[in-house]
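Open the model in your viewer and keep the selection panel handy. We will go from the overall fold to a few individual spots.

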Amino acid sequence: MTSTSTPPGLARFNDLAEPAALAALHEACASTAWARRLLAARPYTTPETLYAASDAAMAELTTADLAQAMAGHPPIGRPTPGDPTSAREQSGMAGAADDLRAELLELNLAYQERFGHVFLICATGRTGEEMRDAVRERIGNPPEREREIVRTELGKINRIRLARLVEEDRQGRDA
């Protein structure tokens, strides 16, 4: 049982059975290693301790773990159909012109050919032009540098998704 001072959504997450908690974490990040590390550190007393655990787990992911995490993300400009999280995170592309969409598709393919994985960026709050500019800038990076940028971007995405998980839980309990 978690402390009564723990925020309700976080307390609910802490109290989930392991399979349900693992499923909730996999909604945030497809890396099993990341999710297992977060599960092992439960219970969390504050959202900040959850975010810190996420950051620490992200820092420890191997190249294979990062690849697993990236496999859970659709290309920029092509959110997963029927996935509200994907659509919300890529909302900056919602009204993008056809030429910008075509350019991003081309850049995504070139990036994937160069690095062997999808271009990953924390798209929340970014315009289509900002995302295009980022892929243009990053496509010339050495693979080692790009892997560390991806790790940082994944960490940002995970924090946003974990915050939403805690907030949704809180709203669900208040409804």
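Here is a tour of the chain, one selection at a time.

**Before you click.** This is a predicted model, in which local features need pLDDT of at least 70 and side-chain atom pairs count only at pLDDT 80 or more, while totals for chains, interfaces and linings use all residues. Residues are numbered from 1 along each chain as its sequence is written, and side-chain values use heavy atoms, with hydrogens and water left out.

**Whole chain.** Now switch to a surface. The protein chain exposes about 8900 Å², and carbon and sulfur atoms supply 53% of that area (Shrake-Rupley method, 1.4 Å probe; for residues, only the protein chains shown count as cover). Of its 175 residues, 45% are buried (under 20% relative accessible area; exposed is over 50%, and partly exposed is in between, with a 1.4 Å probe and protein chains only). Among contacts (heavy atoms within 4.5 Å) with a separation of 6 or more, 68% join residues 24 or more positions apart.

**Colour by confidence.** The mean pLDDT, the predictor's confidence in each residue from 0 to 100, is 87 for the protein chain, and 84% of its residues reach 70 or more. Next, select residues 170–175, where pLDDT stays under 50 and the model has five contacts beyond four places in sequence. Where pLDDT is low, the predicted coordinates should not be read in detail.

**Into the core.** Select F13, W34 and L162. In the largest nonpolar core, which has 46 residues, these three touch the most other members (such a core is a set of buried Ala, Val, Leu, Ile, Met, Phe, Trp, Tyr and Cys residues joined through side-chain atoms within 4.5 Å). Elements giving two or more residues to this core include α1 (8–15), α2 (18–28), α3 (32–40) and α9. The most comes from α9, with six residues. Centre on W34 and show its surroundings: leaving out residues up to four places away in sequence, W34 touches L25, A28, C29, S54, A57, M58, L61, N158 and L162. C29 itself is buried, at 1% relative accessibility.

**An arginine in α9.** R161 is found in helix α9 and is buried, with a relative accessible area of 12%.

Go to N141, in the loop between α8 (128–138) and α9 (143–174). N141 is buried, with a relative accessible area of 15%. Its side chain makes a polar contact with the side chain of E146 at 2.8 Å (a pair of N or O atoms within 3.5 Å; within protein, one must be able to donate a hydrogen and the other to accept it, and residues adjacent in sequence count only if both atoms are side-chain atoms). Beyond its neighbours within four places in sequence, N141 is in contact with R114, F115, E146 and I149.

**Last stop.** Select R42 and P43: the peptide bond from R42 to P43 is cis, with omega near 0°. P43 is found in the loop between α3 and α4.

Key:
Helices (H or I, at least four residues) and strands (E, at least two) are DSSP runs, numbered from the N terminus.
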